[in-house]
Amino acid sequence: MCGIVAYIGEKPARDLLLEGLKRLEYRGYDSAGIAVLNGGLHQAKTAGRVRVLEEQIETDDSFNGSLGIAHTRWATHGEPSDRNAHPHGDQPDTGHGIALVHNGIIENHTTLRTYLSDHGHTFQSDTDTEVLAHLVGHFYQGDLESAVRQALNEVTGAYAIAVVCANEPGVLVVARKGSPLMIGVGSDEYIVASDASAIVAHTNRAIELEDDTIARLTKDNFRTSTLENVTVTPQMRELEVDLQQIELGDYPHYMLKEIYEQPQAIEQCLKGRLSPHEGRVVLGGLAEYVRELGRAHRVIFLGQGTALHAGMIGSYLVEELAKIPSRADFASEFRYRNPIMEEGTVVVAISQSGETADTHAALREASRKGAMTLGLVNVVGSTITRESDAGVYLRVGPEIGVASTKAFVGQVAAAVMLAAWLGRRRFLSPTEASSILEHLNTVPDLMRKVLQQESHIAEVVAKYVQRENWLFLGRGVNYPVAMEGALKLKEISYIHAEGMPAAEMKHGPIALIDKGMPVVVVATRNSQYDKVLSNIEEVRSRGGHVIAVATEGDESIRRICEDVFYVPDLPEPLQPLLTVVPLQLLAYHAAVLRGHDVDKPRNLAKSVTVE
């Protein structure tokens, strides 16, 4: 949630900070603000998108100082408004000219607000962040780093912050706990940001701040230390993202760009990892744990939203290919349920960003209880990757669209490889493994065939786009695909949609079906095909209109469905990699036809780094 960017160096800060905010806007876009030191503290903030802020200050030279912080917000405490926008400052009139931006949640903000109010502080906003800014001001005695350290030692919750003070015009202080923050290292300059997208235009070298770490930066150097003021030496790494990957190019939206990048993303995910003729998967990240994983008695996949749907598919694959009992669970529920971690339990955390707060917390709980932990993550160096015992990087490239697409297929492809890797250490024969891996290698080209149907899918969507209630049905490994299709439609078109197992429809939801209601059914030829056809007949008998995702060559299904999207034939465990693509395009075109901002859906942000 929220995007932070800060700069200290020799360049004018305004344009650099605004550019960074635009690249981070997918993390939140309820409001935006900026603070720059230039002969004093100059601030501007407003509800709305970054472009509104840009219009306010584009001719104001006071924002051209060489030290500044900026923020684009996803609201948690307090409605989106000018007064709740960041940056926030310390006590008005009697303060020290402190400005602070924050990503995260200060859980004890009510107690701290009461304490500060009792000491004469008055507040201008409804946010937890302003409380932290006042707390820094409360402790300030001429040393900004010391004041931030004292304040953070009183705080409970998660944060990534950047702080400046008018009394120290050459100092930037940043810190993190539970929310991502990295420092891009340039020549006599530093660019601090929530992720690499705001940094790569200026440098490819960066430091990922660890939890409970503070950094004090000047334009010439920096120092990192713990909250206990113990100096630490951070590791520098080269960013794997380049500028071209995060540019929109000729596409109207990032979501459509990323849907079309999926074939290439799968190729990158699989590259160097498959040896089909040997029936072998090479996963270097698991090499040290062959014995432990070979003795796994249970595998639990954890995720939220789209990642959970990938985990549901992963649990099916592990049971099918590796014959290990497996399930998927909401990370947010797992950690609060006092989960039982038997010997031989492996917990797999799935997260595109590697920073999802619920998934990170659940991973920690599993580790505390003795489980072996793996991460299926896209972002190198992210928190979940650092805190897992081992893992598999997705390698699908940066994903900017809030509604996840290529990360989902990358997660599923990684789950296939993990299941086959485990299976070969148990009961999966070389012949069976070879067949699965050979078919997996064909997926990118088959995806390209599915994408050729985009115009047909758009025409079908246009017939139903004004309907406010949809059902998505699937069975077996395609049940999570139905869930994912419904989620995509909800996220970006704001149409109410439910995804469920096709058989569950008869146990209540069938009451929702009325004349003309769109019902999307994943009806590929697989072990439950005949059952799915029966479910389609049940929908039609109640007046529903069926849109089927079916296997190429299945002409008979046309007789019982209003519309059909075809996908090439694949073995059942691999079908989700293709069946999800028409549903992504369906949701995309529904949102476009309804006039919504596809890449910035209301109330959502890309990376959910707060609970």
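**Notebook: pocket and sheet**

I looked up the largest pocket first: it holds about 830 Å³ of space. A pocket here is an open set of points on a 1 Å grid over the protein atoms alone, where a 1.4 Å probe fits, with protein on both sides within 12 Å along at least five of seven lines. Its volume is the space filled by probe spheres set on the points, which are joined across faces, edges and corners.

The model is predicted, so I note that local features need pLDDT of at least 70, side-chain atom pairs count only at pLDDT 80 or more, and totals for chains, interfaces and linings use all residues. Residues are numbered from 1 along each chain as its sequence is written, and side-chain values use heavy atoms, without hydrogens and water.

I checked the lining next (residues with an atom within 4 Å of a point). It has 37 residues; Val241, Asn378, Gly397, Pro398 and Glu399 lie nearest the pocket centre. Helix α7 (residues 262-270) gives the most, with three residues. Helices are DSSP runs of H or I, at least four residues; strands are runs of E, at least two.

Then I traced the sheet. It is open, with seven strands in the order β5-β6-β7-β8-β12-β13-β14 and antiparallel pairing. Strands pair if DSSP finds at least two bridges between them. The edge strands, β5 (88-89) and β14 (231-232), each pair on one side only. Two bridges join β5 to the antiparallel β6 (residues 98-106). His88 has Leu100 in β6 as its bridge partner.
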